[in-house]
Amino acid sequence: MSTPSANEALGRDEIAHLARLSRLALTEEELDRFAGQLGAVLDAVAQVGKADVGDVAPTTHAVPLTNVLRADVATPSLPRDVVLAAAPAAEDDRFRVPRILGEE
Amino acid sequence: MTTTTPDRLVDLDEVLTRYEPVIGLETHVELGTVSKMFCGCSTTFGAEPNTQTCPVCLGLPGSLPVANAAAVEHTIRIGLALGCRIASWSRFARKNYFYPDIPKGFQTSQYDEPLCTAGHLDVEVDGETYRVEIERVHLEEDTGKNLHVGGATGRIHGADHSLVDFNRAGIPLVEIVTRPIPGTGAKAPEVARAYVTELREIVQALGASDVRMEQGSLRCDVNTSLAPTGSLEWGTRTETKNVNSLRSVERAVRYEMRRQAAVLDAGGRVLQETRHFHEDTGSTSPGRSKEEATDYRYFPEPDLVPLAPDAEEVEKLAAGLPELPAARRVRLQEEWGLSATEMAWLVNADALGLVTDTVAAGASPAEARKWWLGELARRANDAGVELGDLAVTPRQVAELTALVADGTINDQLARQTLDGVLAGEGDPRQVVEARGLAVMGESDELVAAVEAAIAGAPDVVEKVRGGKVAALGALVGAVMKTTRGKADAATVRRMLEERVVGS
Ligand SMILES: [Zn+2]
């Protein structure tokens, strides 16, 4: 939703902002490089905008299905040791994750 | 930071001479479904960490969510109870952000197509009704729980690393968002609290959630802003996160009004920010800066097809709604013959449900009210617990009133019986038996006590016989004393009269 319209160039600041939201550390050179590359990608995608879709409703699903629901019934979960074995690190029966940076 | 946390707060009365508050509330309710929102994992509270997870709620590649029908139904019922319009077409959306408690890298929520919109809830404060407009009611999923290790316990500050439990991740969560509420003036803190109280009662009446704030199944974010009196524009709002008790809702609004007034008085600017509420001091402090809505890069969830509630089904749900709290209060007030003030007392004491249940268990409304608002309220207060947390059930209170009504015990013995019930000695009848608390009938023991009192006070007997019948009270007191309050005063008086006057 925040994707800038294609006729608007994607600035370095926006790349830096997106990188921060994605928790990616980019160097100055990378910011320049990606600004150019992502600009090219957006330009390519922008060609879609040339199509006349005035009376076509936005489509998010290719299949005409609605109300696919399940009954509220509990089913077995995965065994904890299996779950935690797949984690990079675990401690005290929990997933161990790095300290969250940028918090108070 | 000096501009956001002033040294001095402005008195609330003073705040209102210069500023007008606008409040807004976002309330999250964990639904009481058996299974999670998009998978079959159990939702049991307090289970061992990470024992209620699966590929779907852990966000493992290739897993596909399927929406829980009961959660959708609960959400629609909440919307209906709030007078909302139920969408005929509604979709889930991905709210993208990176945080360890959200394993998928996004929260499945709803964005521009929520299930319910445009409702309202009327709340009453000090006899005045305030209409709270509801902007939307939407369905989403809860996050996991982070435990920060190292540094100060439980807080992020100084933490080395975090430990995550995903049992809660994916539990259905309904978010109820109000429109900004202007015009509450000095009552803003109370209106905020009354709104959450009423909302909680509605959700409870619907059976959609256990709404236990202390367990986090109902959580509030409180928005507050101040504008100079008469200003056409509203001020910048702050959002105080995770306010977890009714009292805290009120305190958070009050604190923010006082703090923001101080900031504005000093010529400062209120920052639009997220703040944390501190239960111990009743104050708020700045949290992480809020990422703007566009930063979440919402987009329709491709793995879940749209919801299209059938109009007839919605009508059926509407017809099947239980009596809602406001209507119930009106009915009970009339049935019990109470004044509006008496009803307000009951509600404010959080005793309405308890009294209702006690009446349902056979007590008269008057007796039920007397016990819960009198003796039991006193005991709860002394023990520093909520009325509903006392170790006595409405059924037991009803039994107690029945024992008083049939003369088995009197009020004083009833209080002793209550001691036993609260001490876990069983139901009132059992306590009366075990402790020997029943009122004495005209037993040999009582006859002996009466005769001993007469023999022990010839001067009093003389006075009574001389016409001073009031003096008989001294003899009644003596008998009650020897029987340790177990005799029935009226019976004692009659027995004394028969022997002193009537003979
Ligand atoms: Zn699961």
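Tutor: Angles under 35 degrees count as roughly parallel, over 145 as roughly antiparallel, 65 to 115 as roughly perpendicular and the rest as oblique. This is a predicted model, in which local features need pLDDT of at least 70, side-chain atom pairs count only at pLDDT 80 or more, and totals for chains, interfaces and linings use all residues. Residues are numbered from 1 along each chain as its sequence is written, chains are lettered from A and ligands numbered from 1 in the order in which they are written, and side-chain values use heavy atoms, without hydrogens and water.

Student: Why are α3(B) and α6(B) called roughly perpendicular?
Tutor: The axes of helix α3 (residues 188-206) of chain B and helix α6 (residues 325-335) of chain B cross at roughly 90 degrees and come within 9 Å. The range for roughly perpendicular is 65 to 115 degrees, and α3(B) and α6(B) are therefore roughly perpendicular to each other.

Student: What makes the site of the zinc ion tetrahedral?
Tutor: Its protein donors (N, O and S atoms within 2.8 Å of the metal, or 3.2 Å for Na, K and Ca) are C39(B), C41(B), C54(B) and C57(B), each through SG, at 2.3 to 2.4 Å. Four donors count as tetrahedral if all angles lie between 85 and 135 degrees; the angles among the four donor atoms here are 100 to 116 degrees, and the site is tetrahedral.

Student: Why does C39(B) count as buried?
Tutor: Buried means under 20% relative accessible area, exposed over 50%, and partly exposed in between (1.4 Å probe, protein chains only). C39(B) has 5% relative accessibility and therefore counts as buried. C57(B), at 7%, is buried as well.

Methods: Axes fitted to C-alpha atoms, helices over the stretch in contact; angles between N-to-C directions. Helix = DSSP H or I, 4+ residues; strand = E, 2+ residues; numbered from the N terminus. Tetrahedral: all angles 85-135°; square planar, octahedral: opposite > 155°, others 65-115°.
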